[in-house]
Amino acid sequence: MIGLAVTVDRDALVVECDRVLDALARAAEDGLDRAAELTAAQARASHPYQNRTGDLQASTQAVPVAGFLYDDTLVSYAVASEPYAAFVEASHPFLAPAYDAQAGRIEHEVLFLLEQACR
């Protein structure tokens, strides 16, 4: 039998863990903001509806994270804010397909941000 022991400075460990958790939270916010930006940009660039006035396209924007909502949940949005946007989205979806088109890039960028936060 062999006994192994490690001496841990608990206070220093707590400080370091808090630092990493704070960095991860900031990276998660940045990642969600980036996801919303990429989705909105894709929706503006490629959509199945006929763009008559440009108003719907121009109203499609990213709404950044506004802190933690719903306890431990971060939320950001890609939205089209024209009053008729929901009707167009119902008949010619453009936001979800925009996210789907950018999903690989979003995943890559979010993972990169989280990895950098851990360093």
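Me: By class, what residues does the lining of the largest pocket have?
Reply: Four nonpolar, five polar and two charged residues. Here Ala, Val, Leu, Ile, Met, Phe, Trp, Tyr, Cys and Pro count as nonpolar, Asp, Glu, Lys and Arg as charged, and the others, Gly among them, as polar. One caution: this is a predicted model, where local features need pLDDT of at least 70 and side-chain atom pairs count only at pLDDT 80 or more, while totals for chains, interfaces and linings use all residues. Residues are numbered from 1 along each chain as its sequence is written, and side-chain values use heavy atoms, with hydrogens and water left out.

Me: Which residues line the largest pocket?
Reply: Tyr 49, Gln 50, Asn 51, Arg 52, Thr 53, Gly 54, Asp 55, Leu 56, Tyr 84, Val 88 and His 92. A pocket is an open set of points on a 1 Å grid over the protein atoms alone, where a 1.4 Å probe fits, with protein on both sides within 12 Å along at least five of seven lines; lining residues have an atom within 4 Å of a point.

Me: How much space lies in the largest pocket?
Reply: About 180 Å³. That volume is the space filled by probe spheres set on the grid points, which are joined across faces, edges and corners.

Me: Tyr 49 is on that list. Is Tyr 49 buried or exposed?
Reply: Buried, at 9% relative accessible area. The cut-offs are under 20% for buried, over 50% for exposed and partly exposed in between, with a 1.4 Å probe and protein chains only.

Me: How many aromatic pairs does the structure hold?
Reply: One. The ring centres of Tyr 49 and Phe 94 are 5.1 Å apart and the planes are at 70°, so the pair is edge-to-face. Rings of Phe, Tyr and Trp (its six-membered ring) pair if their centres lie within 6.5 Å; planes under 30 degrees apart count as stacked, over 60 as edge-to-face and the rest as tilted.

Me: And where do Tyr 49 and Phe 94 lie?
Reply: Tyr 49 is in the loop between helix 1 and helix 2 (55-59), and Phe 94 in the loop between helix 3 (85-91) and helix 4, so the pair ties together parts that are 45 residues apart in sequence. Phe 94 is buried, with a relative accessible area of 1%.

Me: Switching topic. How many salt bridges are there?
Reply: The search of the whole structure finds five. The criterion is a side-chain nitrogen of Lys or Arg within 4 Å of a carboxyl oxygen of Asp or Glu.

Me: Which residues are linked in a network?
Reply: Arg 34, Glu 37, Arg 105 and Glu 109. Within it, Arg 105 and Glu 109 meet at 2.9 Å, N to O. Both lie in helix 4 (residues 95-118), four residues apart, about one turn of the helix.

Me: What about Glu 16 and Arg 19?
Reply: They form a salt bridge, with the closest N and O atoms 2.6 Å apart. They are three residues apart in helix 1 (residues 10-45), so about one helical turn separates them.

Me: Last thing, the overall fold. What pattern does the chain follow along the sequence?
Reply: α-α-β-β-β-β-α-α. Helices (H or I, at least four residues) and strands (E, at least two) are DSSP runs, numbered from the N terminus. The radius of gyration is 21 Å, well over the 14 Å that the globule rule gives for 119 residues, so the chain is more spread out than a compact globule. That radius is taken over C-alpha atoms, and the rule is 2.2 Å times the number of residues to the power 0.38.
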